[in-house]
Amino acid sequence: MISFRKMVSLGRNRRWLIVCGISILLLVVYFKTEAEIKEDMRIDDEKNDRKKYVIKIEEKKFMNIQREATSSPSINKDNTIYPAKQYEVCKPKQQILFLKTHKTGSSTLTSILQVYGFLRNLTFAVPKTGAQIISTGFFRTDQVRPGKYDMLVNHARYSRTEMEKVMKPNTTYITIFRDPSTQIESNFEYFLLKNTFHLENMPNPFQTFAENPSYYYSKYGQMSLFRHYMKNPNLYDLGLKESQQEDRDVVEKFIAKIAKEFDLVLIQEYFNESLLLLKKLMCWEMDNILYLSKGKRSKTMRFDIDQSLRESIRKWSWGDVLLYDHFNKTLWSKIRDYGPSFQADLAELEFNLNRILNNCTVPNVVLDNRRETYFKLNKKGAPKCTHMLRNDLTFTKLIRIAQYGEEEETGKVGLL
């Protein structure tokens, strides 16, 4: 048998061995852990170095993208190349001055702008009475009430300095032109100038006038308030005096001036195409440019125009021809810059115009007051239809009531 003393000695040795074993194990673990930590740190340093390198590369790529964004094409998922500016984000513009010309589709455009502004509580520079600010002189600030406005869309003769006094900053300036030969024919009948020129008994009064316009203009022109709308009416509305309209050099310089001062000139013959440019310029939605036509003449107030009459009028009103031709070219240049979606957007616009026509009006019913034609409201249509069918006069009165609580400046209170 093992004595008690030996058992104690063996126990002490075992404890010592255990303690030594544990100590050795701890030392091994310590040194291994330290080595691993150093290795991990080394790996982390390498990762950080690689990360810094990658960041520098990505930053360089981003700077290159920024420099080239305005000129380089963007490629979509279908590998179709589009101009990079197609993807620019814009904010809707609210301030606009429409220089309303005569018999150019301007009443329809005015309606679009009135609906847009009225439904958004924008402010309008409206005439104190009636629906026209225009006079035989240029626009003056005292023709509207004091203030700064979001919109001016009624007839007014262009005066940039005076108009800027009543418009808010960063206002967009637009206008619309029409082929002078058809515009003057429209003016001739709409303003009943066949009576002024004593041609009411002729088989085709406009033909008689157009074959010798200078004779009738010189002999009877002073008798009519509308003489300015029988020769270069658009130059007149833009502010060029009649005496200046005979100098080609003056006219060409004036056209260059207008090109700088107006952000967009629409063309009546390409009205829907022009509206897409307006939509893009103002950063509006498709719904904002929908319309129901206004101011279309009755068939009884139209004259046929053959090519010889067109040529005669173009020679007579040559200043407006230069103006029209210049901005017609500008229009198509802007259309080319619009981007690849233009035709699709045009088809969408025309589809929605048909939808609005069917929703807002009674089908196949066109009313005629022997001067203009107009649609009959579909009472089951959308609430917006009522506004879209208002003519210039009634909408201007509505705006005046909304802004000032009265129909006219005289204080007459009333509702439409």
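This section describes the nonpolar cores and the aromatic contacts of a predicted model. Local features were taken at pLDDT of at least 70 and side-chain atom pairs only at pLDDT 80 or more, whereas totals for chains, interfaces and linings use all residues. Residues are numbered from 1 along each chain as its sequence is written, and side-chain values use heavy atoms, with hydrogens and water left out.

A nonpolar core is here a set of buried Ala, Val, Leu, Ile, Met, Phe, Trp, Tyr and Cys residues joined through side-chain atoms within 4.5 Å, where buried means under 20% relative accessible area, exposed over 50% and partly exposed in between (1.4 Å probe, protein chains only). The largest such core comprises 70 residues, and Leu109, Leu152, Ile174 and Leu275 have the most contacts inside it. A second, separate core of 22 residues includes Ile184, Phe191, Phe197 and Trp316.

Aromatic pairs, defined by ring centres of Phe, Tyr and Trp (its six-membered ring) within 6.5 Å and classed as stacked under 30 degrees between planes, edge-to-face over 60 and tilted otherwise, number 23. Phe177 and Phe327 form an edge-to-face pair, with 5.7 Å between centres and 65° between the planes. Because Phe177 lies in strand β5 (residues 172-177) and Phe327 in helix α12 (residues 318-338), this pair ties together parts that are 150 residues apart in sequence; helices (H or I, at least four residues) and strands (E, at least two) are DSSP runs numbered from the N terminus. Phe177 is buried at 0% relative accessibility, and Phe327 is likewise buried at 4%.
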